[in-house]
Amino acid sequence: MPKIKRRQFIILTAAGAMATSATSWAIGKNNKISPQTKALLSKLYKSSNGLLELDLEASSTRIDLRGKPADLLTYNGQIPAPRLEAKAGDTVRICFTNNLSQPTNLHYHGLHVTPNGNADNAFLDIPPGKNLTYEFTLPKNHPSGTFWYHPHRHEFVAEQLFGGLAGLFIIRGELDEIPEIKAAKEEFLVLQDFALDDSGQIQSPNHMAMMRGREGQLMTVNGQVNPQLAIACGGLLRLRILNASPSRFYRLALENHPFYLIATDGGAIGTPIELKELLLSPGERAEVLVRGDRESGQYRLLNLPYDRGGMNMMEMMGDGGHMMGDGMAMMQENTQTNPQVLATLTYQGSVSPLPLPQQLVSVEELPEPKTVRRIELSMEEEMTPGMGMTFTFNGKAFDPNRVDTQVQLNTVEDWELVNVDPDGMAHPFHLHVNPFQVVSRNDKPDPYRAWKDTVLVKGNETVRIRIAFRDFTGKAVYHCHILDHEDLGMMGIVEMKG
Ligand code: C2O
Ligand code: CU
Ligand code: CU
């Protein structure tokens, strides 16, 4: 493939939109793009004059992954999907085409927009070969933050996400304007895992893998295996991290460098918090600052082992036969015992030392609510032993025609999320449209106030969340973000009434 200058490349790939490299390590100083790095440039679509408009096509695409071809599912041919950027008050118009062989739709994870019509409507069905124009407007006071988009057609979600369909949806605003944050170098890390066979085809999960939630052994950051991240000596690096894997948890640590947490799913927190490690369950995001204050060299971004429970599943399956064998192999895969390298941080150049910000944004305190609900997270064995599990909220599997929870617009509620899973598996609980704050875990107050839309509820844990239902009436869903569990029934409907 001929060498292309960066400028030409941008014109080639970004007709009608502004393109930059989301992965600055993909472009060398010499401005040349190697065929290997070309595939890694995620396109960026930015709103202008209050409008973010683009064409988006879901299709099955052969792409280059870890230097070999892989047949994945992509938006506009890219892994990860193009990054979208807008501001509060903007209108978003996405002309979407489904060129998959399955029905699909789009969900805007974490955005506070209407769940009705052609907006963040999880009930839409776009059959293969059809298009739909999504259009919605972000409220004028929408928080800035790291949001994302992915398919949400019930029963196909895990499979389509595992194919690679996920992209960032960034809302710019208040946090980006803080001088210390502005001075930091910004990088986006989209974490995706894949299970590919030798010919680059996605391996279909066995029964047991679906019960636990499918995971792949190939771990990528922005579609790359162990990419390099650069930090200047004295500089600040702002990492905006998304767990876009359907089931894999990431327990992140950067050698010799603490993280300074500045934002969670729903946007900025009050002041930076120093962390040795950062756990991101599926669907969660975090923004951290890293200080370039160590000796020049290379430091690995690691994924540390994490036990997400559910190891008794095999006994529960009541099948001593071949399933057991599969199960064993899968358990070993899932119970990683060694840290894995996700990316490598390299010192490059130097700047005069940048300070950490002292103050970020003020996070609103929600009033104590009158209404408290209890939602039990569990799974139940199906009638035929060994044939499978249904995942449930309050003992019920998802029914698109049933409203599980009715709430009054402009009220605040506490939801007690109780993990009664007999197997002790951890379930990340996610709510659409309205963000929440975590009040407590097993009655222990949460150490800091932050806006979230996905929260991990570990085995035997009760997590209390506080939700303000605002601006939009209509039906939205809440579900486990281990997407196989969602597809297998762990989803409910909340109706917001005016
Ligand atoms: Cu990211 Cu309803 O999901
Ligand atoms: Cu969502
Ligand atoms: Cu779950």
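Analyst: The copper ion (ligand 2) is held by His107 (NE2) and His430 (NE2), at 1.8 to 1.9 Å, where donors are N, O and S atoms within 2.8 Å of the metal (3.2 Å for Na, K and Ca), and a site may look incomplete since water is not among the atoms. These two residues bring distant parts of the chain together, as histidine 107 belongs to strand E8 (residues 107-109) and histidine 430 to strand E27 (residues 427-431), 323 residues apart; helices (H or I, at least four residues) and strands (E, at least two) are DSSP runs numbered from the N terminus. Both histidine 107 and histidine 430 are buried, a word used for under 20% relative accessible area, with exposed meaning over 50% and partly exposed lying in between (1.4 Å probe, protein chains only).

This is a predicted model, in which local features need pLDDT of at least 70 and side-chain atom pairs count only at pLDDT 80 or more, while totals for chains, interfaces and linings use all residues. Residues are numbered from 1 along each chain as its sequence is written, chains are lettered from A and ligands numbered from 1 in the order in which they are written, and side-chain values use heavy atoms, without hydrogens or water.

Strand E8 leads from this site into an open sheet of five strands, which has the order E3-E6-E11-E10-E8 and mixed pairing; two strands pair if DSSP finds at least two bridges between them. E8 and strand E3 (44-46) are the edges of this sheet, and each has a single partner strand, so one side of each is left without a neighbour in the sheet. From one strand to the next the twist averages 25°, with axes taken as lines fitted to C-alpha atoms (for helices over the stretch in contact) and angles running from 0 to 180 degrees between N-to-C directions. Within the sheet, strand E6 (residues 83-87) and strand E11 (residues 167-172) run parallel and are joined by four bridges, and leucine 84 stands opposite phenylalanine 169 in E11.

Phe169 also belongs to an aromatic cluster, whose members include Tyr75, Tyr108 and Tyr149. Rings of Phe, Tyr and Trp (its six-membered ring) pair if their centres lie within 6.5 Å, and planes under 30 degrees apart count as stacked, over 60 as edge-to-face and the rest as tilted. By this rule there are 14 aromatic pairs. In one of them, phenylalanine 249 and tyrosine 306 have ring centres 5.5 Å apart and planes at 15°, so the pair is stacked. At 5% relative accessibility phenylalanine 249 counts as buried, whereas tyrosine 306, at 22%, counts as partly exposed. Phenylalanine 393 and tyrosine 478 make a tilted pair, with 5.4 Å centre to centre and 40° between the planes, and this pair again links distant parts of the chain, from strand E24 (residues 389-393) to strand E33 (residues 474-480), 85 residues apart.

The copper ion (ligand 3) has His427 (ND1), Cys480 (SG) and His485 (ND1) as its protein donors, which lie 2.0 to 2.1 Å from it. The spacing of these donor residues in sequence is H-x52-C-x4-H. Cysteine 480 counts as buried at 1% relative accessibility, and histidine 485 counts as buried at 0%.
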